[in-house]
Amino acid sequence: MAKQRQKRHASALKAQRQSVKRNLRNREIKKGIRLATRAVLEAAAAKDSGKTLGLLGASASALDKAAQRGTIHWKTAARRKSRLAKRAANQLTASAKA
């Protein structure tokens, strides 16, 4: 007589459903961060300082919201904001020196 396979606990099934939902939400949030960051760097490369500053604020906001929701760590958000601002500033000042 073969041993029957046990059913999974209801709590395990719920945890799995929650995990899938969170994964989808986190992926969308991270995609938004990448797009915002890319937009800042493209504006900086185009030497458009006004647009770069506006997009930098939007990108920082997206990073802060992701950190607030727990998608990324708050120190990761701070580090990325700092590095992004530095890169944008370097690209903008490189054109002034050239």
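K81 is partly exposed, with a relative accessible area of 27%; "partly exposed" covers the range between buried (under 20%) and exposed (over 50%), found with a 1.4 Å probe on protein chains only. This is a predicted model, where local features need pLDDT of at least 70 and side-chain atom pairs count only at pLDDT 80 or more, while totals for chains, interfaces and linings use all residues. Residues are numbered from 1 along each chain as its sequence is written, and side-chain values use heavy atoms, leaving out hydrogens and water.

Which residue does the side chain of K81 meet in a salt bridge? The partner is D64, at 2.8 Å from N to O. A salt bridge here is a side-chain nitrogen of Lys or Arg within 4 Å of a carboxyl oxygen of Asp or Glu, and the structure holds one. The pair links distant parts of the chain, with K81 in helix α3 and D64 in helix α2, 17 residues apart. D64 is partly exposed too, at a relative accessible area of 37%.

## Helix α2

Helices are DSSP runs of H or I, at least four residues long, numbered from the N terminus. Helix α2 takes in residues 49-69, and at 1.5 Å a residue its 21 residues should span 30 Å; the end C-alpha atoms are 30 Å apart, so the two agree. The expected span is 1.5 Å times one less than the number of residues.

Now look around α2: T52, L56, S59, L63, A66 and A67 are buried. These residues cover an arc of only 95 degrees around the axis, which puts them on the same side of α2; the arc is that of the directions from the helix axis to the C-beta atoms. On the other side, L53, Q68 and R69 are exposed. Just after α2, G70 takes a positive phi of about 90 degrees.

## Helix α1

K47 follows α1 and has a positive phi, near 60 degrees.

Key:
Helix = DSSP H or I, 4+ residues; strand = E, 2+ residues; numbered from the N terminus.
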